[in-house]
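Hello,

Here is the structure I promised to pass on to you. Please open it alongside this note, and then read on for what turned up in it.

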Amino acid sequence: MPENGTFDELGLPPALQAAIADLGFTTPSAIQAQAVPALLSGRDIVGVAQTGTGKTAAFGLPLLASIDPDVHAVQAIVLTPTRELAMQVADAIQSFATHLPGLNVLAVYGGSPFLPQQRALSRGAQVVVGTPGRVLDHLDRRTLKMDDVRFLVLDEADEMLRMGFAEDVDRVLSAAPRERQVALFSATMPPPIRRVAEQHLNRPVEITVSRQASTVTSVRQTYAVVPHRHKTGALARVLAVSEADAAIVFVRTRGAAEEVGSALVERGISAAYISGDVAQTEREKIVDRLRSGALDVLVATDVAARGLDVDRIGLVVNFDVPREPETYVHRIGRTGRAGREGEALSFVTPAEQSRLRQIERTTRQSLIQVEIPTPVEVSAHKVTGLLARTAERKEIGRLDLYREAIAVHLAKNPDVDPVDLLAVLTALAVGDEGPVAASGDDLDDALSRAHLTGGNGRDRDSERGYDRPERDRRNTNTHIAGGSPRWRVAVGHRDGLQPGALVGALTGEGGLTGKDVGKIDIFGSFALVDIPAGLTPEVIDRLARTRVAGRPLRIRQDTGPRPGQGASRPSHGPARGRS
Ligand code: ADP
Ligand code: MG
């Protein structure tokens, strides 16, 4: 959007410009271009804008510019409707503050212990982001003092009022010093919000971002015609070939969320579902897992996914076409976040096609028709991905057992064609039945398409930032001899395991930190991971029951085959150690 100018023109201090550059933001969004100068000049503002328009930076940057990091007292308060949003906004503001040493942002919300929040406040956090109820609690207990507060933000004001926080918001604003700035943001402007603005804001600048400007343009919008009874199968295939890190599948009802979510898990996809029936704390856990990579697919109803902001989401699937075009816009706004590319795919039944026209009229963008991948294409995609990993696996070595086993097998079965045997092994590793009755041309086609689209052939590890320096192999072996740092989990490529999911489980359920987790090698039915510091029996116990990609991890120390060892019993596959 060149009409919004550049960030340099907004008058932000250099430390904040540097942070924006680090985050990769190049041009301000419409609301940012208008709100930042107004707030920097000291005005109050009312911003009317939909989700996904970049409101957090619109108020977060000027908020930070107003703070003196040397003063260890609360100087700005942001109120948000939910604890999930409080955490998100606090994280975002902290990320804008990376070049402001000594600046601390604290999220406070109900349902979590008071004391740690109180301690952080007494240590001098300058920015507090919280739900109105908990902020008020802190005010009442005098653990939060308003004397130095110069900047207040009401984020998603309509949502806060809808959730019954009107009185709390009113009390917080009334307790703030007179000399202060207020920024109020809301997707809609019903009379109660107008009243809040009239009562507490001082001649605010009104900024409205039209719906058109909020339609996410970095999202490729597609649709596929799928009869209702084929939707689940189609979805599984779409997910199998998708290049997206994570996906959200929108369904209309709670029942559908459960049904579709369970169907995906049954097919070995790392999926979970959330709906209004799932408790809030449980929902948050699931969203955290999606964020960390422990989960790749979330099936959700519209209500349950409100406000969800997870950068990893590269694909939104509308399992049903939403009735309201506005719901559609809201749904597809879950992808294409943080300046990334996203795709939105809508399943329409042949009878529903007219609804698409309505959506196109509202979003003023046309939807591109695409075909659901065929089973042949799915298999081609998987095998291409598998073959792309062979060079890397060969590097790791420790193949003697398998070489020996193959040699023995071929010697015993002289009629077996080695290429046939490879094909069988590949089918087992890919873990599907193999495409049926397709002609050779179809197969060639599917394979070349899988190659063209990358076919997942990239190095997943380095792509996800888990790249580790090459290890000295002798050194690794010495380690093994003296008490192995390698651990083995009973989940592998066959289950769709990805390194991020394993790291997520080890750090989430196991309580390790990212630094504790070393190199990860994923094989067909298991994976090996370096944990140099080892694991306590409690952690092992907890992790044994943890499920990743729908399967229990069953973590144990790896004593697997070493060169020249175990080759005497090839039929058992990877040896289970000596004792
Ligand atoms: P809102 O609060 O309006 O829903 P957010 O502030 O959460 O929107 O921003 C939505 C997403 O867009 C976030 O992932 C954020 O990092 C990203 N974003 C915000 N401003 C910019 C920008 N100027 N350039 C690129 N990405 C941005
Ligand atoms: Mg927001």
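**What was found**

Four strands form an open sheet in the order β16-β17-β15-β20, and their pairing is antiparallel. The edges of this sheet are held by β16 (520-522) and β20 (556-557); each has a single partner strand, so one side of each is left without a neighbour in the sheet. Please keep in mind throughout that this is a predicted model.

If you look at β16, you will see it run antiparallel to strand β17 (residues 527-530), joined by three bridges.

Strand β10 (residues 271-274) and strand β11 (residues 297-300) are paired in the parallel sense over four bridges, and A271 stands opposite V297 in β11. How does the chain get from β10 to β11, and what is the hand of the crossover? It passes through helix α13 (residues 280-292), and this β-α-β crossover is right-handed.

Next come two helix pairs. As background, two packed helices are described by the angle between their axes and the distance between the axes.

For helix α5 (residues 114-122) and helix α6 (residues 132-140), the axes come within 12 Å and cross at roughly 65°. Angles of 65 to 115 degrees count as roughly perpendicular, and α5 and α6 are therefore roughly perpendicular to each other. The crossing in which α5 passes α6 is right-handed. On the α5 side the contact is made by F114, Q117, Q118 and L121, and on the α6 side by R134, D137 and H138. Sorted by class, this contact of α5 with α6 has two nonpolar, three polar and two charged residues.

The other pair is helix α11 (residues 231-241) with helix α16 (residues 375-388), which pack at an angle of about 25° with their axes 9 Å apart. That angle makes α11 roughly parallel to α16. Here α11 passes α16 in a left-handed crossing. From α11, the residues R237, A240 and V241 meet P375, E377, V378 and H381 of α16. The contact of α11 with α16 divides into four nonpolar residues, one polar and two charged.

Enjoy exploring, and do write back with any questions.

Best wishes

How values were computed
Residues numbered from 1 in each chain as written. Chains lettered and ligands numbered in written order. Predicted model: local features only at pLDDT ≥ 70, side-chain atom pairs only at ≥ 80, totals over all residues. Heavy atoms only, no water. Axes fitted to C-alpha atoms, helices over the stretch in contact; angles between N-to-C directions. Helix = DSSP H or I, 4+ residues; strand = E, 2+ residues; numbered from the N terminus. Parallel < 35°, antiparallel > 145°, perpendicular 65-115°, else oblique. Left-handed = near helix turned anticlockwise from the far one by under 90°. Contact = heavy atoms within 4.5 Å. Nonpolar A, V, L, I, M, F, W, Y, C, P; charged D, E, K, R; others polar. Pairing = 2+ DSSP bridges. Right-handed = clockwise from strand over helix to strand, strands pointing away.
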